[in-house]
Amino acid sequence: MKDREAVRKEGGGVSDPAGRLDRPGQLRLLVVFDALLREGSVAKAAAGLGLQSPAVSRMLAQLRELYGDPLFTRTAKGLVPTRFAEGLRLRLRALAAETEQLVTAPMAAAPAARTTIDDDWIRPPLISAPPLAVRPSVLLQGQPTPDDFARKLARIGHNADPQRRLAKYIATSGSGVGRSRPLAREEAEDALAIILDGEADPVQVGALLATMQYRGVTAAEMAGFIEALRRHIGAYDVSDGHADLDWPAYLSPKLKTPPWFLHAARLVAMAGYRVLLHGHYGQGPDAGKLELAAETAGIPVCASLGEAKAALAAGSIAYLPIGGASTQIQRLFGLYSLLEMRLPLNAVVHLLNPLGAAASLLGVAMPSRRDMLRDTAMLLGARALSILGNNRDFAEFTPFRATTLFRLVDGEPMDTRIVARRAIATAPPPAAYTSREYWQAVWTGAARDEVAEAIVVDTAAAALLTIPTCPAATFEAARREAADLWQGRNSTNPR
C-alpha cells in the first residue's frame with residue numbers, strides 16, 4: 001500500500017504525513033475542481049492541467065470527501081455538476097483567474113537582460129495582446145473579474161423589477177465560460193413566470209431561451225419551467241383525481257402521416273380510463289389538424305381547462321389544444337419560425353399534465369432527452385410515466401423495431417425492452433380515400449391495414465401498461481388487452 005506522502009505527491013492530497021492541513025494541496029484541488037467544471041471531463045481537465053487522468057480522478061475523489069457531496073454525475077454528455085458544485089463555479093473561476101494573473105503578470109513585466117550594444121532598440125509595442133492561452137478579460141485593465149461579475153449579479157435581488165430579474169437570469173445562464181452556470185430550479189421558475197406574465201422584453205425572451213438551448217437545459221431548470229407553466233394555466237394536482245392518463249401530442253407540422261395514436265387513445269378510454277390529450281401542430285395552414293382529427297373521431301375539443309375537466313367527467317377522453325390552456329404559451333411556440341430551432345419550452349411542455357393525471361405517456365426521439373425528462377419528472381414527484389424511445393416526439397409506437405420504454409414505476413426508474421414485431425408488407429392506401437378518410441376507415445373497419453392496426457394496438461398497450469390501476473403487469477398482457485379492445489371497438493357495448 002502506498003504511504004500518504006506518495007499519494008500526496010501523485011494526487012495533490014489535502015494533508016501531510018503528520019495529518020496537518022496541506023494548504024498547497026488544497027489549492028491544487030480547487031484548481032482541479034475549476035478545470036472539471038469548465039471541461040466537463042476528467043480526461044480534458046487532466047490534459048489542460050498537464051496531469052494524468054488517474055491523478056485527476058483521485059483528486060476528484062478527495063474533493064467529494066472534502067465537501068461531502070458527489071459534485072458531478074456521469075452522463076452520456078460528460079460530467080454534469082450537482083447543484084452544490086454549480087454554486088461554487090464562479091468563486092472557483094475567480095480563484096483560478098486570480099492565480100493565473102499572479103503567475104503570469106510578473107513574468108510579463110520583467111525587464112529583459114541586456115546582452116549586446118544593439119539592445120537599445122528594445123521598446124514595448126504600442127498595443128500588447130495577451131497570450132491566447134490566457135483569458136483577455138482577466139488581464140485587461142478595468143475589465144470585471146468573475147468575482148466582480150458574481151457580486152454584481154448578487155445585488156439584483158428577488159424584489160427587483162421583472163425585467164431586471166430576467167436580465168440577471170440571462171447573464172447568469174449565458175455569459176460564457178467561467179461566468180455562467182445553469183439556473184437553479186427557483187430561478188428558472190421565476191424567469192419563465194416573468195415571460196408568461198408578459199413582463200419580459202421580446203429580446204430577453206429570445207436571449208434566455210436560445211442561450212439555454214445552446215448550453216443544454218438541466219433537469220432542475222426544466223422542473224422550474226414546468227412549475228411556472230402549471231401555475232400559469234392553473235393546472236390541477238394529482239390528488240384532485242380528474243384524469244388517469246396525460247398524453248401530450250406536440251407534433252411537427254412537417255409530419256404528414258395520419259395520427260394513429262388518437263385511435264390508441266380512444267381504445268384506452270374505451271377501457272374505462274380517463275385520457276387527456278393536449279398538443280399543438282405548428283402555425284401553418286394545417287395548424288388545426290389535431291382538432292379536425294379529434295372532431296372526426298368524436299373526441300371533444302376543449303377551449304379551456306374547465307371544459308377539459310368537464311369533458312373527462314362526461315366521456316373519458318378529451319383534447320385540449322395548448323392555446324386553450326394558454327395563448328401565451330402558444331405564442332412562445334411561434335418563436336420556432338423566427339429562430340428555426342427548438343427551444344426548451346418545446347421539451348418541457350410534454351410534462352405539463354394540466355389535469356394532474358396519475359400517469360403520463362410521452363414519446364421522445366433524442367436519446368439524451370429521455371433520461372432528462374424522466375429525471376425532471378422524478379424531481380416533480382411523478383410516480384407513473386412511460387417514455388417511448390422511438391424516432392418521434394409524441395407517443396406513437398413503432399412496432400416493427402425494437403423499442404425501449406423508459407418508465408417510472410412507483411416513482412422508481414425502470415426500463416422495459418420491447419422486441420420488434422415481425423415485419424408486415426405495406427401497401428399504399430386506396431386512391432379513393434383521402435388521408436383523413438382512410439385514417440377513419442381503418443377505425444370503422446371499412447379499410448384494413450395491418451401495419452396501422454399494429455401501431456394502434458401497441459401504442460394502446462404502452463398506455464395501459466403505464467396506468468397504475470391497469471391490471472396488465474407486462475407489455476404482452478397489455479398488448480392482448482389492447483387487441484381485444486381493438487376487435488370490439490365498433491360493438492354496441494364497448495368495454
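**Aromatic pairs and an arginine**

In this predicted model, both Trp443 and Trp486 are buried.

Me: Which helices do Trp443 and Trp486 link?
Reply: Trp443 and Trp486 form an edge-to-face pair, with 5.8 Å from centre to centre and 80° between the planes. The two residues are 43 apart in the chain, so the pair links distant parts of it. Trp443 belongs to residues 435–444 and Trp486 to residues 475–487, that is, to helix H20 and helix H22.

Me: Which charged end sits over the ring of Trp443, 3.8 Å from its centre?
Reply: The charged end of Arg489 sits over the ring of Trp443 at 6.0 Å from its centre. The charged end at 3.8 Å from that centre belongs to Arg266.

Me: Why is the pair of Phe33 and Phe72 edge-to-face?
Reply: Phe33 lies in helix H2 and Phe72 in strand S1, 39 residues apart, and both are buried. Their ring centres are 6.0 Å apart. Planes over 60 degrees apart count as edge-to-face. The pair is edge-to-face because its planes stand at 70°.

Me: Which residues do ring pairs link into a cluster with Phe33?
Reply: The count of aromatic pairs comes to 8. Ring pairs join Phe33 into a cluster with Tyr67, Phe72 and Phe84.

Me: Which side chain does a polar contact of 2.9 Å join to that of Arg181?
Reply: Arg181 lies in the loop between helix H8 and helix H9. Residues that Arg181 touches include Glu86, Arg89 and Thr172. The polar contact of 2.9 Å joins its side chain to that of Glu187.

Terms used
Residues numbered from 1 in each chain as written. Heavy atoms only, no water. Helix = DSSP H or I, 4+ residues; strand = E, 2+ residues; numbered from the N terminus. Polar contact = N/O pair within 3.5 Å; in protein donor to acceptor, adjacent residues only side chain to side chain. Contact = heavy atoms within 4.5 Å. Phe/Tyr/Trp six-rings, centres within 6.5 Å; stacked < 30°, edge-to-face > 60°. Buried < 20%, exposed > 50% of the residue type's maximum accessible area, 1.4 Å probe, protein only. Lys NZ or Arg CZ within 6 Å of the ring centre and 35° of its normal. Lists of a residue's contacts leave out its neighbours within four places in sequence.
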